[in-house]
Structures are given as C-alpha cells and as structure tokens.
Amino acid sequence: MLAAETNGITRRPTPNYSNIMHSDPNISASFSNEDEYPSRRSSASGTSPGFHDNRLSGEGSPMTMSPWNQTSSSNPKSSWSQFEENVPQNCLIGSMTREEGHIYSLATTGELLYTGSDSKNIRVWKNLKEFSGFKSNSGLVKAIVISGDKIFTGHQDGKIRVWKVSAKNASVHKRAGTLPTLKDIFKSSINPSNYVEVRRRRSALWIKHSDAISCLSLNEEQGLLYSASWDRTFKVWRVSDSKCLESISAHDDAVNSVVASCEAMVFTGSADGSVKVWRRELLGKGTKHVFVQTLLKQECAVTALCVNASGSVVYCGSSDGLVNFWEREKQLSHGGVLRGHKVAVLCLAAAAKLVFSGSADKTICVWKREGVVHTCLSVLTGHNGPVKCLAVGEDKESTAKNPRWLVYSGSLDKSVKVWSVSETAERGVSSFRSEGGVSSFRTEGEGADSVGGGSHKRR
C-alpha cells in the first residue's frame, strides 16, 4: 500500500533505499504491468527483479493511447494531501488532484507552481495550496515558461498566449496578448511572400504555427523565446516586443522538444527520431539559426530534451524508454545511455548533478551524474498514469553539504506530486565497471537482456 489515511492526512511509510541502478549501454528492462515488478511500488525503490521482452504497439500520443484519457468531471474539485515533515531523503511529500483534466505542463518560480491541463485552465499553487488560476479561450495547455512577470503558455491550437501578473494583486493574472500579435498577422498577410506551404494545397503565414505547440524554451540572457510545434518547425520570438524573428523548418516530422542552451546553441528533438544542433547568429536586431550537426538518428521518436544548468551535458529521452546523453566539453560526443524505463520517456529535467526522467511507466528515475557515470539514486513511484511533465525548484532546507530539491511531477492521472530529493541520498552498489566512458552495471540476481521499446511519437 502506498499510503494510509490518518485523521484526514495521508501519511506514507518510510521507503527502502537499499537498491540502486546505473546507466548501462547493454542492459535494458521492459515490463508488461505493475504486478511483475512489486519492488518498485514504494516512493523510492531500486531496480526490478526480472526482464521481459514486451513492446508497445500503435501510433499516436500518450493521451490518445492511455486509459487515463477520460472525460473530466463537470464539477472539478481540488485537494492537496501533505505528508510528514520529517521526510526521508528521497520521497513524496505532497500530492494535488484537480478533477478537471490531465496535467500536461508545469513551471515553477519562487514559491509558485503553475500547472496546465487539457481543461484549458492554468492553476497557480503556493506553499502546496491553490493560490489562483486563469483560463484560456481555447487550446490544451501543452507548455508553460516564465520570464519575470510574464507567463507564456503554448497550446494545442498552435497559439502562444502571454499573461502578466497584476502589480496590485499577485494572485491576478491578466491576458497580455498572443503570439503572433494581431498587428503582426495583419501586416504580414498583405505580402504574399510571407505565406509558406504547410500541407498539400494549404499555405499559412510563416510567423504562425499551423499545428500544436509541443514545447517552449527561454533564453533570458538574449530575451528570446523558442517554440516547437508538430508543424515540423521551431520559431524564435523576441520577448520584449513579441516579434517573430525566425521560423526554421527543422525536421521531417513533429518537433517534440526545443532547448536553448549556452554559447548560442539550440537543440531540437523530433518524432522523426533525430536530435539536431543549431547555432544562433545575431543579425542586427534579428537572428539566424544555422544547422550544425545531427546528434542522433534512430527509428524511435525523440520525446524529450534537457540540458544541465552549466550546459555541459545534453539529455534526450525516446519512445523506447532510453535516455541518451552527449558531452559538450568533448565536442558533443556520445556519453552513454541511461536505461531506467521500460516504455517511453515523456519528460526530462535537470538540477545541479541530478537528472530526472519521467515515463509512461508511471515512474520517475532520479539520476546523479559524477563525471560520465550516472547512478540511479531512486525510482519515484506513486502516479497512476504516465508522467507527462517535470519541474524542479530548490528546497528551502537545501545546504552546501546536503543539496535538496523539490521535484514536481504532472501526470495523465490528473495529479501533481511533490517530491523531496537529496543529492546525498544513500546508494548501494553491487558491482560496477566503466566501458569506453559509458556506464555499465549488473546487480545480483539480474539478467542482461536487450529489448525494444514503444512507439509514442508525439508528446
């Protein structure tokens, strides 16, 4: 049992941290259901006892394929369950459920957490309690990023909406506009050269996305916003005046992720199975992004990207459950593969030495990087649906000796969970070796089978 009710407060048993996982280029785990891996049912557990060769089938997004895609309640209610304060190093400390839609996006700033769902609502939470909320006219909320007092939300209808926090009342969020602006749409529509073909016999303005927004990323230093879309492009926007500076036809299929990094580098990942690197060049008041190289080309869709804070490591999650990574200091050479999930990786996040991977298997792997070696500190379980999005904020109790993080996870089970994670969590290693800079391991009683994954293509 995951939790027990006591006087209206949900309390959790202390999790067991005796087992861990490592990244491994040769070993991959795949399971068909929860009953085959009972050791992963606690809030932080280790590797599973056996390996099974089962593959997902079918195309489409996790939303359309999952049993959690059901009609929302007409009378949504929210609840927040807070757990014990004296928590273990890596464990669940709170869970929020709002019966109005699946959680597709998260963003955190200071004490505030923003959540987006397919109900078109953006909820704001403060200190684990609902603080405020606002609603868009249309479009599932697929991405949220925050820049100062501006909140940018990317939607299923292909629009980016801009919101501002009221100076008089921090709980009030007012609509500040839409990208592209109506003024820019009108000015561009006059010139026929501003139209591009988006589908057979259909054209649209190059400044507009013609399909769902899949991801948003900010380069705050340059004041640029990047948007990725299922229309196979990513676009570059200037935050100060909401101008679309550039549109790049980047891939042969939906662009599922875009990440702006340091040294003018931008990374994109697509359902066509590739990860591409772009270099930003400033041209007067505009930009030009030049293709640099392809880091990965595979059959499985690329579903998530993230870069660590220093920009030294790029991580890529795929529909086969693997996380590949590359090291910038080694000219973006391939560093290895993290094998902690049996089905699609749907989201990634990084903080200091830690990397978090959320998956359609309902779990979150917590990885710690030490050089090229990645150790799985724990596997966070508790969601009843695929983990769709992650956000990380520093814990108030964090110290130099014990860095701690609050990890927020959103799921298609309509819940957001908050985890306390420490970089100094206990680890126990059975045996370990390093092969050519790629991590490898085998724990007692485990086999070494290499199996395939699934076919989630669009996020």
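User: What share of the contacts in the protein with a separation of 6 or more comes from residues 24 or more positions apart?

Analyst: The share is 50%. A contact means heavy atoms within 4.5 Å. This is a predicted model: local features need pLDDT of at least 70, side-chain atom pairs count only at pLDDT 80 or more, and totals for chains, interfaces and linings use all residues. Residues are numbered from 1 along each chain as its sequence is written, and side-chain values use heavy atoms, with hydrogens and water left out.

User: What makes a residue buried, and what percentage of the 459 residues is buried?

Analyst: Buried means under 20% relative accessible area (1.4 Å probe, protein chains only). Buried residues make up 59% of the 459 residues.

User: Why are strand E11 and strand E12 called paired?

Analyst: Two strands pair if DSSP finds at least two bridges between them. Strands (E, at least two residues) are DSSP runs, numbered from the N terminus. Five bridges join E11 (residues 150-155) to E12 (residues 160-165), so the two strands pair. They run antiparallel. Thr 153 stands opposite Arg 161 in E12.

User: What makes E10 and E13 edge strands?

Analyst: The open sheet has the order E10-E11-E12-E13. E10 (141-147) and E13 (173-179) each pair on one side only.

Key
Buried < 20%, exposed > 50% of the residue type's maximum accessible area, 1.4 Å probe, protein only. Helix = DSSP H or I, 4+ residues; strand = E, 2+ residues; numbered from the N terminus.
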